[in-house]
Structures are given as C-alpha cells and as structure tokens.
Amino acid sequence: MYTPPHDFAVNLPQVFSEVRRKTYSRYALPQRLSGLAGPRFGPTMIIGAISLIFTGALLALTGNPARALVAHTSPGAFEEVLPYLAMVVPASLIVMFGLIAVLFGIYRFWRETRGSINDLFDPPALLGAMADAVVVRFQQGGEDKGCYYPGENASRTRWILHLCVFWGFCFAFAATLVAFIYQDFLGLLPPYPILSAPVLLGSIGGVGMIIGATGLIYLKMRSDPAPADATHTSSDYVLLVVIDLAAITGMLLLVMRATPAMGSLLIIHLAVVLVLFVTAPYGKLVHFVYRYLALVQNRIESKPGKMIPKNEKETALW
Amino acid sequence: MFDVIVVGAGNAGLVSAISAKYRAPRVLLLEKSPEWMRGGNSRHTRDIRYAHGDDDPYTEGAYPKEELLDDLLRVGGEKVNRDLASLCVRESPAILSWMSEQGIRWQQPLKGTLHLSRTCRFFLGGGKAAVNSYFRKAHQMGIEVLYDASVEDIIIDGNTVKGVVVERLGEQKTFLGKAIILASGGFESNIEWLRSHWGEAIDNFVIRGTPYNTGRPLAALLEAGAMPVGEPRAAHAVCVDARAPKFDGGIVTRLDATPFGIVLNKHCRRFYDEGEDIWPKRYASWGGMIGHQPDQVAYAVIDSRMLGQFLPSLYRPYQGQTLPELGAEMGLAPGMFTAAVEEYNRHINRDGTFNPAILDDCHTEGLDPPKSHWAVPIEAPPFYGYVMRPGITFTYLGLAVDETTRVLKQSGPPFANLYAAGEIMSGSILTRGYLGGFGLTIGGVFGRIAGQEAAKHAAN
C-alpha cells in the first residue's frame, strides 16, 4: 500500500533487486569491473570485439588461416583451424581466474553475512539448498502456483524458462566435460558424430538455452520495469543476450560444421564463449553463487528451534 | 441498465460485486480512487478475525463463536445490534472459505520469524495483495470496474433507488441499476464534515487511511431519510507521529511510547494517566485526548532504557543528551519541559519492579494526574521524544440495515433495492472502540449477503 506514487514510495522488490546487484558487485574482484561490464552492452561488446580479435590473432599466429574458410569434416577438423592448446589454454586461464575470484567472493560474503565460515560446512543445509536450486524452487510461486510475472496473473512461464537456461547450461557443461574425456583420455578427436554423447548433450543444452534465454528476454520486455532496479535489469539483459548468442552460434556450428562456414563460426562461437567467461565474475552470472548461498542460509535458518518469541498484543491494534 | 451497481471497491465492495456476479449478468463496480490506490482502507489491513476450531492451519488454537461474540459485546457495550452481531459471528467461518475460493491467499506459519495469531488469519502479502486477488477475480468474471468514479448522488424515487450520478474525469454520467449496494465506507476523509464537529482543530488531525472516504453516499442517504446508526461525532483515533502525511500514512505512523514514559501538552503539562491500563485497551483513547489539548499536539518523552520496549517508530525519535536539549529539539520551552519531567521523577515510588507484561507496581505518589503503572524515572540519557497528533482511523456514523443488508428508513418499510455492506453499516456492530480484524469480517459477511440479495432482487 506504500508503493509509489504514495508519499512513502516503498518499492520492496526494487530494493531487493538493488541489494542483489550491490551484493554481486561488492564481492567481485576487482570490485570496479563489476559496475563497468556487468550491466552494460557497450563494454560487453568491446570485450566481445577484443575476444574476436584475440581468437582471430590466435588463428593467424598459431592456426591455419587458409583452412578456416573451407569445409572439413574428418576427426581433428576443428584443430586444423585452431590448435587445441590455443583453444584451451586462454579459456582455462580465464576460467581459473574467475573461479578464484568467485571463491574469494564466497568467503567474504559468508563472513560478512553470517560471521563464521565454519557454518558453511553444514552438509544437510548444503544438500538441501542444492535440492532447492536444481528445481529453482522459489520461482514456482506460492499457493497460486506461479509468479505475477510478466503480468498480473499467476504464471509459471518464467520458472520454466529459467529451468531451461539452467539445465541447458548444465548440459552444455556436461558436453564439454565428456568431450574433454573423449579427447584427452580416449584419444577421440572432434567433431563427433551426431549421435555421440557430446553432441547430444550439447544439442539439448543449446536448444534449452536458446528457448530459455530468448523466452526470458521476451518476458522481461513485456514486464513492468517499476518493481526492479534498472541497472540490475540491464545486467539481466546482457547475460541473457550473451548466453543466447553463445548457444545460437554453438548450434549453428553444429549444423554447419560440414560447410566452409565452419571456420568462421568456430571463431565467432569461441569469442562469444570467451565473453561469457571473462564477464562471468562481474555480471549477472554470479547470481547462481550468491543465490545458492542465500538458499543455504535459508536452510540453516529454517531448522527447528529458532522461533522468535511472539508479541500477541501487536495483532490486536489498528 | 445494470443489474447491480456497487459503490466502493474496498473489501466489502469487492465481495459484494463478486457475490452479485455469480447470479447477475451485469455488475458495475465504481471506485472513487485512481487505479493505483484502489481498495480503500482494506489496503492497510493485515488480518481478519473469525470463529474457528483448533484444526485451522492459519491460526494458533481454537476461537469459538461464543468467545468471538463475547469479545464483540465487551468492546461495543449495550448498543451493539445483537442480531447483526450474531449473524456476522455465525457466518464468519464460511466467509473465510468463500474468500479462499475467490483467490485470497493466507499466510502460513514460517519457521523462525513469523508467528500467527489465535484469533485472526493473516493475508499472504497483506491487504493490498488481498485486494489485488479480488480485482483479478472481478476481471475474470467480467465485472465492469470504473476507477476515478466519484458517486455524487443517488437517484431515489420513493422507496426505490434508480441509479447513481457519477463524476468521472470532469464528466458527469448517470448509471441506472436494478439494485444498488453501498460499500463506500465512512466519512473520515471529509475534512469539512469533520470540521462541523471538531471546528478548526481538525486541521491538526491526521487521517490514517485513504483520502477518498468522503462519505458522499452516506450523506445523500441520510438526507433522503435513511435511518442513522452510530455516534455521529465519534471517530476511532490513535496517536500518530506528527510528521505523518495528512492522509494514508496507514498503520506504521502509530506511536506506542505512551505507557513507557510521560505525555505532555504544548504547555509542558501532563494531562492523563499514561499507565492507567494495558496499552491495547487504552491506545484508541489517546487520539481523542490529544484532540482536546491545545493545538491538538502532545509530546511523549522516554529515556534510553525504554526505547526497545515498543514497536519501532517509522520516523526517528527526537533525541537529546540532556532534558533541556530534548525539549528544545521538540520546540518546547527547555526550562518548563525539564521542570515537568523532574517533577514526575520526584513523585515516583522507587520500590516497584518494572514489568511491561503486567499491571506492575511502579506508580507515582502525590502527582496529579497520577501514573498508575510502569512509572519509572526518566533519567538515563540520551532522552527521546515524539511529537504526536490525533490520527483518525474511521468514523462510526453509518446506515442501519436489516439482516438482508437492506437499508432501513427512519419511517416506513426499508428501501426495496438498496443494500449496504462494510464500514458504511458497521456502526450497528462496532459501536465504539475497535476489535482488531473485525472490520474485514463485517465487510466480508455482509458484502456476500448484499451481493446475493441484490442479484436476487435484480432477477425478479
């Protein structure tokens, strides 16, 4: 009842959204980069351009530019364009840095919000929170079986689309992992057949992310912007677009891998994925870390025996 | 021509319209406020009182019908219309299930932070969420809703009403209906009407709820010979922070510091026993008392030991390291202010044991007026103070109705097709004081009846 244009102008969802955005940037390392790239398309596009130049330069220096524009389908075809190490080493370094930055963020976040880092080693809470996270439990809405988003009627669309992105991401990650095993332990070189595990997992993941991210962008454009923090909303858009592009270029690469476009697509796809990795610790993507920690907090606080004494007389007054 | 026209879209009006729409094809709901402020004072509510057994998942323990009726009669005294009160109590469990069917959702107990009440059930998301649920239902059912629609007059022809005259965005329009339900609340936002009772003092009052309860339909009906009910000059009023907005500050501007310190008027004089009885029994009398003080203003003073004893205030208290400093902060003469506090301190019997949960034995001796309980010296700096104004919650004057909510006339049979629900007719039941959460019960029970009766009348 105090929402704007009321005198008190209380906009709780916006405050929560602002708090989330500030959390993500407060614990980022270095902090300054968070406000710079996370919510802005401009800097993200610059990072994208640099990534493209970088992968292009890698191609020029270590790969085989002449092969980038002709079709090849034999095992090892990707490497014929760009050597394996040139693909893997820069990406790994960036991911490693991101991981260290995020671990540092987790440590500081937990210390500041809960005090003791020992509290975090609570297996029932960690597992319970994981169970909440994998089904995105709290986006299902309450008793109305949905959230009032994007309109005024309860809907589960956002929850379903978010699940698509989340599980799509997991499948794509699994595909990468399996491909890594195939290549480094079994000695099987990509591209893999359509019916192989990496391609199937990657395709399911890719399609899931395209449907989810495109759908979420559509919903966001139709929703009322007033209950959200504008900067945070902008971070949402940036992440959704980058994920969508990564998935679309990945799927195009799969479909057109037997054509002369493969080389260029590989470069573009790698550049987009690189953007995702580079911006990960500074953009909306880190939300999965802090939302998960919040779920752990919730699990710890929901344990029985922590009731706050009630104040019955308060309910009687108007 | 509408079957049923409902005036006012708070809880009572929304329930009336939905209830009518189940039986009548064309229902029009007129709301005076713009869309963002729809829902009247129901926006500010949190919980609804009703009789229930101990198997209710949204309350803690049983609340039998007899106990609810007792509570109601104890608050209201002899003037309570027992037939209507019993009817409301009897129907209260059913209205709760009916509300759930319309999409209202309830707060379940949360582990860790929130306790439920024994007597009342809380809306999930508060009154605003409840109002939004009703409107969703109303739209789904095809009820026609008009916002910014101020009912200026009601067209009355002898014993029947024909329609309403509406002013909307600068245009006047007449809507005809076979039956009309008034659910437009009291007149607590009508400053000119209040001025006729309170004089210029009204300019120093705060209205706690919507600015749209101006009581136009109520005045029109009283003029047309409807039978009034309830004390015409009385209003439910509590002490609110003087910094509160003139209208619609809602529940959060109320101040509960009174029993934990002393209250002075602008001449630095105490004027009433701050510790007479437990606060829930006295909070509603302080609004009126401040209204009778010069300039309708009062100053609550506590020391640092009492700051955590009551519900935190919306605005920060005034603060001073010394008493003169606090007095000056609040705009009082520092010398007189300090003298008043010290006089109170000198008269305290220091043998008592302070206990806010009971009527304790901390009291003053030889002080006029006395402070009978919780009298603890104001001596531990920093000192805190609040400037308080009377804040009107609602007015008591309303329309008398029969058990089918038909509006009664001063003479002759009731209006044939005019019904009333909610605050506009609650004066029969809530004759004085207030029983938390029961305004919604009245709106729900009589709104549902009004909707059914009006639709039935329209069908014949």
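The following legends describe close-up views of a predicted model.

**View 1. Packing of helices H1(B) and H4(B).** Helix H1 of chain B spans residues 11-21, and helix H4 of chain B spans residues 126-141. Their axes come within 10 Å and cross at roughly 25°; because angles under 35 degrees count as roughly parallel, H1(B) and H4(B) are described as roughly parallel to each other. The crossing of H1(B) past H4(B) is left-handed. On the H1(B) side the contact involves Asn11(B), Leu14(B), Val15(B), Ile18(B) and Lys21(B), which meet Val131(B), Tyr134(B), Phe135(B), Lys137(B) and Met141(B) of H4(B). By class, this contact comprises seven nonpolar, one polar and two charged residues.

**View 2. The aromatic pair Tyr272(B) and Trp286(B).** Over all chains, the structure holds 19 aromatic pairs. In the pair shown, Tyr272(B) and Trp286(B) are arranged edge-to-face, with 5.9 Å from centre to centre and 90° between the planes. Tyr272(B) belongs to the loop between strand E12 (262-264) and helix H7 (279-291) of chain B, and Trp286(B) to helix H7 itself, so the pair ties together parts that are 14 residues apart in sequence. Tyr272(B) is partly exposed, at 27% relative accessibility, whereas Trp286(B) is buried, with a relative accessible area of 1%.

**View 3. The aromatic pair Phe394(B) and Tyr434(B).** These two rings are also edge-to-face, at 5.4 Å centre to centre and 65° between the planes. Phe394(B) lies in strand E15 (residues 383-395) of chain B, while Tyr434(B) lies in the loop between strand E17 (418-420) and helix H10 (438-459), so the pair ties together parts that are 40 residues apart in sequence. Phe394(B) and Tyr434(B) are both buried.

**View 4. An aromatic cluster in chain A.** Tyr24(A), Tyr27(A), Phe109(A) and Tyr290(A) are linked into a cluster by ring pairs.

View 5. Most peptide bonds are trans. Pro369(B) lies in the loop between helix H9 (334-346) and strand E15.

**View 6. Positive phi at Leu169(B) and Cys268(B).** Leu169(B) has phi near 50° and lies in the loop between strand E7 (160-168) and strand E8 (171-182) of chain B. Cys268(B), with phi of about 60°, lies in the loop between E12 and H7 of chain B. Leu169(B) is exposed, with a relative accessible area of 64%, whereas Cys268(B) is buried, at 7%.

Definitions and conventions: Residues are numbered from 1 along each chain as its sequence is written. Chains are lettered from A and ligands numbered from 1 in the order in which they are written. This is a predicted model: local features need pLDDT of at least 70, side-chain atom pairs count only at pLDDT 80 or more; totals for chains, interfaces and linings use all residues. Side-chain values use heavy atoms; hydrogens and water are left out. Axes are lines fitted to C-alpha atoms, for helices over the stretch in contact, and angles run from 0 to 180 degrees between N-to-C directions. Helices (H or I, at least four residues) and strands (E, at least two) are DSSP runs, numbered from the N terminus. Angles under 35 degrees count as roughly parallel, over 145 as roughly antiparallel, 65 to 115 as roughly perpendicular and the rest as oblique. A crossing is left-handed if the near helix is turned anticlockwise from the far one by less than a right angle, and right-handed if clockwise. Contact means heavy atoms within 4.5 Å. Ala, Val, Leu, Ile, Met, Phe, Trp, Tyr, Cys and Pro count as nonpolar, Asp, Glu, Lys and Arg as charged, and the others, Gly among them, as polar. Rings of Phe, Tyr and Trp (its six-membered ring) pair if their centres lie within 6.5 Å; planes under 30 degrees apart count as stacked, over 60 as edge-to-face and the rest as tilted. Buried means under 20% relative accessible area, exposed over 50%, partly exposed in between (1.4 Å probe, protein chains only).
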